[in-house]
Amino acid sequence: MKAFVTGVTGQDGFYLTKLLLDKGYQVHGTIRRSSSFNTERIDPLISEYEEGGLLKLYYSDLLDSSSLNNLINSIEPDEIYNLAAQSHVAVSFKNPLYSTQTSVVGPITLLEAVKNSKKDIKYYQASSSEMFGGIDSNTLNENTKFRPKSPYAVGKVFAHEITKVYRESYGIFGVNGILFNHESPLRGETFVTRKITRAVGRIKNMLQEKVTLGNLEASRDWGFAGDYVEGMYLMMQHSIPDDWVLATGETHTVKEFAELAFNEVGLNYQDYVLIDSRHQRPNEVNYLLGDPSKAKSELGWENKTSFSSLVKKMVEEDVLLAEREKVLLEKGLLKPTWEYPIKN
Ligand code: NAP
Ligand code: GDD
């Protein structure tokens, strides 16, 4: 089996690629040219699988329709997982055109390539709970109305709907995974969970004094990325293409996350967290709580990682990372790039 994965260098890109390689797939991934190295997450997979031809990487971009077309035509994958996006909600307010373009041009290009292929290629679209807008405290499922509140979410609603349009109009096997927030030790460091656990690791190691955050009252349904990519895979193996929510069915505030993360190392978050209005958004999604019962009954998918074990896993990894940073700092091989550094 051949899978084509966009966004292979991202958090989900790593976990999904690992899962597919473990299942014996050949994985073809797109990477972007960057002035610095951007394959850090998948470097271990590159070392293990690239030489044997099981992992192949190509320069491309969701906005470069011709390169995506050429790749799909020549690779003829069995499955496409479209994970790529400018995925940071706050950044989408600053770069609205680029953020929405990636979710408009990318999916249409890939769906057109699927439609025009002689092969029956399955297509997965990375939809998001952000599309719901988090207006009230209802539990959200596949039938809930979308009320997008950011350029990011508007782009994702487009990608979601166009996938349905191609499914219904041309009989394409196109699925939308409506995933609630999922985190891991590989989460980007500007998302709130990782920002907190990175700070906890450094504060514990006396490398950082404080961390600045925005809205502590926002509530999210946070799961573990490793569990969620299993759900993506199951959606693509289901007999009928459809849309499924993946969520834990529990929601917690940013404050609760911070409290638990600092507690893991015996500290009180109130001594270290500063509120900074720079981290407030023009329009906030206040509350997200998902209902994963359709994924459970139809796919047999279940969240396996509890909130407390997710926080623990992330803190443990980031304490170790900070210990390594400390050694490098002491040898003069690293300069602090984080906020409120303690200079030794
Ligand atoms: P991520 O870590 O930010 O990874 C995003 C990936 O997209 C990276 O590989 C990035 O490449 C790539 N990318 C960005 N712009 C691109 C472009 N114009 N062309 C090609 N590639 C581009 O995101 P993630 O957390 O793994 O999420 C994966 C997908 O699921 C995203 O579409 C996200 O919106 C969606 N989603 C995520 C969550 C979540 O909680 N994680 C929940 C729901 C939906 P670089 O490495 O070069 O930047
Ligand atoms: N990033 C960030 N930084 N968020 C903060 C901060 C901060 O310093 N302080 C408070 N927050 C709040 C945000 O205002 C938001 O309400 C919440 O923490 C979560 O923010 P993020 O971790 O940036 O994630 P997100 O929920 O906006 O978006 C993520 O989940 C979506 C699924 O619901 C991303 O992964 C999206 O790509 C994904 O679609």
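## The second largest pocket

The second largest pocket of this predicted model has a volume of about 160 Å³. A pocket here is an open set of points on a 1 Å grid over the protein atoms alone, with protein on both sides within 12 Å along at least five of seven lines, and its lining residues have an atom within 4 Å of a point. The volume is the space filled by probe spheres set on the points, which are joined across faces, edges and corners.

The lining is made up of V114, K115, S117, K119, D120, I121, K122, Y170, G171, I172 and F173. By class, this lining has 5 nonpolar, 2 polar and 4 charged residues. Ala, Val, Leu, Ile, Met, Phe, Trp, Tyr, Cys and Pro count as nonpolar, Asp, Glu, Lys and Arg as charged, and the others, Gly among them, as polar.

## How the model is read

Residues are numbered from 1 along each chain as its sequence is written, while chains are lettered from A and ligands numbered from 1 in the order in which they are written. In this predicted model local features need pLDDT of at least 70, side-chain atom pairs count only at pLDDT 80 or more, and totals for chains, interfaces and linings use all residues; side-chain values use heavy atoms, with hydrogens and water left out.

## Ligand 1

Which residues come nearest to ligand 1? Of the 25 residues around this ligand, they are T9, L83, S87, Y98 and Y152. A residue is near a molecule if one of its heavy atoms lies within 4 Å of it. The shell around ligand 1 divides into 9 nonpolar, 11 polar and 5 charged residues. At least two residues of this shell come from each of helix 1 (11-22), helix 5 (96-116), strand 5 (122-128) and helix 6 (151-170). Strand 5 gives the most, with 3 residues. Helices (H or I, at least four residues) and strands (E, at least two) are DSSP runs, numbered from the N terminus.

Several polar contacts (pairs of N or O atoms within 3.5 Å; within protein, one must be able to donate a hydrogen and the other to accept it, and residues adjacent in sequence count only if both atoms are side-chain atoms) can be described. The side chain of S87 has an N or O atom 2.6 Å from an oxygen atom of ligand 1. For K156, a polar side-chain atom lies 2.8 Å from an oxygen atom of the ligand. G10 takes part through its backbone, where an N or O atom is 3.0 Å from an oxygen atom of ligand 1. Ligand 1 taken alone exposes 900 Å², and the protein buries 89% of that. Accessible areas come from the Shrake-Rupley method with a 1.4 Å probe; for residues, only the protein chains shown count as cover.

## Ligand 2

Around ligand 2 there are 25 residues, of which S128, S129, Y152, R281 and E284 come nearest. This shell holds 9 nonpolar, 10 polar and 6 charged residues.

Where do polar side-chain atoms approach ligand 2? S128 has a side-chain N or O atom 2.5 Å from an oxygen atom of ligand 2. In Y152, a polar side-chain atom also lies 2.5 Å from an oxygen atom of the ligand. For K195, the distance from a side-chain N or O atom to an oxygen atom of ligand 2 is 2.8 Å. On its own, ligand 2 exposes 720 Å², of which the protein buries 95%. Helix 7 (192-204) and strand 8 (211-213) are the elements that give two or more residues to this shell.

## Two histidines

H252 is part of strand 12 (residues 252-253). H252 counts as buried because its relative accessibility is 12%; buried means under 20% relative accessible area, exposed over 50%, and partly exposed in between (1.4 Å probe, protein chains only). The side chains of H252 and E250 are joined by a polar contact of 2.7 Å.

H88 sits in the loop between strand 4 (79-82) and helix 4 (89-94). With 12% relative accessibility, H88 counts as buried. A polar atom of the H88 side chain lies 3.3 Å from the backbone nitrogen of A90.

M206 is in the loop between helix 7 and strand 8. Its phi is near 60 degrees, a positive value in a residue other than glycine. Is M206 buried or exposed? M206 counts as exposed, because its relative accessibility is 52%.

Y340 belongs to the segment after helix 11 (307-330). The phi of Y340 is near 45 degrees, again positive in a residue other than glycine. Y340 is partly exposed, with a relative accessible area of 38%. V285, in the loop between strand 13 (273-275) and helix 10 (293-299), is buried, with a relative accessible area of 2%.

Key
1 Å grid on protein atoms, 1.4 Å probe; cavity = no way out; pocket = protein on both sides within 12 Å on 5 of 7 lines; lining within 4 Å.
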